[in-house]
Amino acid sequence: MRKPVLMSFLYRLLHLGVIVVALVAASIASFAQTADEAFTRLAADSYSDTTRAVEILVSTAHPNAALIVEALNDGRLLAGPGGVVLKTPTGGFVDARTGAALTAAPADVKTVRLNNAVRRTVQAALGGLSLLNPEPAKRTAAAEAVFKSRDASLLPIVEAAIGKETDPRALAALRQAQAAILIAKPDAAPLDRLGAIDLLRERGDQDALATLRSLAGEATPALKDAQARAISAIEGRLRLWAMAQNLWYGLSLGSVLLLAAIGLAITFGVMGVINMAHGEMVMLGAYTTFVVQEVIRANAPGLFDWSLAIALPAAFIVSGAVGIAIERGVIRFLYGRPLETLLATWGISLMLQQAVRTAFGPTNREVGAPSFMSGAFDLGGLAITYNRLWIIVFAGLVFAALLAILKLTPMGLQMRAVTQNRRMASAMGIRTGRIDALTFGLGSGVAGLAGVALSQIDNVSPNLGQSYIIDSFMVVVFGGVGNLWGTLVGAMTLGVANKLLEPYAGAVLGKIALLVCIILFIQKRPRGLFALKGRAVEA
């Protein structure tokens with residue numbers, strides 16, 4: 001009994017094997033037939049045939065599909081009666097069908113032509129073929145390209161890639177690409193399209209919103225309802241992210257205003273001098289950065305990433321020295337005469353601008369960014385540039401350093417004493433003239449540091465400082481003269497308010513509205529947000 005059973009089992013196994021072999025042979029024959037069709041179409045010298053050939057190569061996953069499509073995109077694909085040939089970047093030739101090297105191209109082949117429609121198909125095909133790249137980052141980028149193209153011919157490749165994907169980020173991008181294709185595919189199953197709408201709602205960016213609005217075909221009431229709810233949810237989320245982006249821009253602008261105004265707050269608070277040349281101290285710091293970078297480019301290019309670190313002390317010294325010279329040479333003779341001081345410092349500002357024009361020319365100068373300050377990154381729906389981020393950090397460090405100088409050093413104690421009661425400080429033996437000179441030098445040096453930072457986000461020109469002098473005075477007056485905390489709060493408040501008003505009122509009207517609000521505020525609180533305390537101040 002066992003022998004007939006065994007023979008029957010072997011017979012069935014043999015029969016199954018024959019069927020499997022037949023199916024594999026049929027599959028191979030079908031693949032060969034479709035591949036032959038693709039190469040025949042490439043040789044036909046027709047845009048529509050070329051488009052169809054690319055689609056066949058991609059859908060059948062031909063072993064040389066990536067090489068062929070890439071060569072077609074680069075203009076290195078030759079086709080004709082003699083066959084289809086790839087021209088390698090080094091000048092050699094390869095048979096496109098087999099991948100075998102050729103000594104020369106056949107005489108009867110010519111470059112396959114492209115038009116815009118074929119180029120779009122080729123770009124989509126390159127994205128689809130990159131979905132199987134070994135590197136997760138490239139697979140993710142390819143999935144994003146497919147998401148934007150929404151090419152329905154790539155759906156089988158996307159689905160196959162989803163089944164093989166192990167990287168979470170790449171898998172999410174692939175599922176979103178699949179959803180975008182299903183949204184644009186009129187004959188897709190309604191349940192699949194509902195799932196695609198939910199997936200795009202989770203993505204929630206502008207690309208997802210545009211994809212949802214392109215819902216193709218006769219949509220069912222359920223699809224239209226899901227589409228409307230998804231669009232409403234995304235628009236609400238984008239409004240919140242837009243507000244957060246404006247807040248970020250406001251903090252960034254506030255940090256710039258803080259750097260430009262903090263030196264003026266020290267000078268104005270201690271000396272009571274309206275220094276119209278303060279903007280030129282900022283400009284000198286920016287040009288010092290330019291000179292430092294030019295010297296490094298000419299003598300030690302490898303140190304370029306350290307150029308700002310070298311420029312910071314240099315700018316502080318140059319601007320501080322010029323500030324002390326202005327105070328000792330002009331301003332100390334004009335104390336108690338505010339109008340003459342204002343006119344004198346305005347004249348000095350014009351002289352400094354003309355001196356810089358003579359030395360460096362009137363055109364903008366290029367100041368490069370070190371590698372660590374180049375580029376940007378996304379945080380949720382926020383786009384954050386590294387240069388602005390570093391300026392915010394730098395502004396915080398400068399503020400902390402000045403606060404430490406004022407609170408923890410003998411010079412800071414003397415400066416605060418002179419600020420609160422100059423006569424009493426002089427009677428206690430403090431050399432107020434020396435404190436005035438050092439204070440003016442410190443404020444000018446900090447303005448030079450601001451120039452180093454501003455050189456990374458603004459044009460370095462002789463008029464650089466004029467763009468910030470009015471805003472700096474607004475920050476100082478609004479925050480409280482001579483008060484660092486008031487300057488910080490004033491700079492951030494004005495920066496954020498300015499950026500929140502811009503989308504509704506525009507840049508110019510927003511600044512005018514802000515100026516009117518500050519004038520009204522000063523009418524109620526003439527000493528600003530944080531008024532200094534002291535006998536002379538209260539008198």
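A charge sits over a ring if NZ of Lys or CZ of Arg is within 6 Å of the ring centre and within 35 degrees of the ring normal. Keep that in mind and select arginine 203 with phenylalanine 147: the charged end of arginine 203 sits over the phenylalanine 147 ring, 4.0 Å from its centre. Then go to arginine 113, which lies over the face of tyrosine 47, at 4.7 Å from the ring centre.

A word on what's on screen: this is a predicted model, where local features need pLDDT of at least 70, side-chain atom pairs count only at pLDDT 80 or more, and totals for chains, interfaces and linings use all residues. Residues are numbered from 1 along each chain as its sequence is written, and side-chain values use heavy atoms, with hydrogens and water left out.

**Zoom out**

Colour by secondary structure and you'll have 21 helices and seven strands; helices (H or I, at least four residues) and strands (E, at least two) are DSSP runs, numbered from the N terminus. Of the 539 residues, 42% count as buried, where buried means under 20% relative accessible area, exposed over 50% and partly exposed in between (1.4 Å probe, protein chains only). Now for contacts, meaning heavy atoms within 4.5 Å: among those between residues at least 6 apart in sequence, 70% join residues at least 24 apart.

**Aromatic rings**

Rings of Phe, Tyr and Trp (its six-membered ring) pair if their centres lie within 6.5 Å; planes under 30 degrees apart count as stacked, over 60 as edge-to-face and the rest as tilted. By that rule there are six aromatic pairs. Pick phenylalanine 290 and phenylalanine 360, an edge-to-face pair at 6.0 Å centre to centre with 80 degrees between the planes. The two partners come from distant parts of the chain, 70 residues apart: phenylalanine 290 belongs to helix H11 (residues 278-299) and phenylalanine 360 to helix H13 (residues 338-360). Phenylalanine 290 is buried at 9% relative accessible area, while phenylalanine 360 is partly exposed at 22%.

**H14 and what it touches**

How do H14 and H15 pack? Helix H14 (residues 386-408) and helix H15 (residues 410-420) pack at about 80 degrees, with their axes 5 Å apart; axes are lines fitted to C-alpha atoms, for helices over the stretch in contact, and angles run from 0 to 180 degrees between N-to-C directions. That makes H14 roughly perpendicular to H15 (under 35 degrees is roughly parallel, over 145 roughly antiparallel, 65 to 115 roughly perpendicular, and the rest oblique). Show side chains for Ile405, Leu406, Lys407 and Leu408 in H14, which meet Pro410, Gly412, Leu413, Met415 and Arg416 in H15.

Next, find asparagine 387, also in helix H14. Asparagine 387 counts as buried at 17% relative accessibility. Leaving aside neighbours within four places in sequence, asparagine 387 is in contact with Met373, Gln456 and Ile457.

Now hop to serine 252 in helix H10 (residues 221-271). Is serine 252 buried or exposed? Serine 252 is buried, at 2% relative accessibility. Beyond neighbours within four places in sequence, serine 252 contacts Arg388 and Ile392.

**Last stop**

Finish at arginine 169 in helix H7 (residues 168-183). Arginine 169 is exposed, at 66% relative accessible area. Alanine 137 is 32 residues from arginine 169 in sequence and 8.7 Å from it in space, C-alpha to C-alpha.
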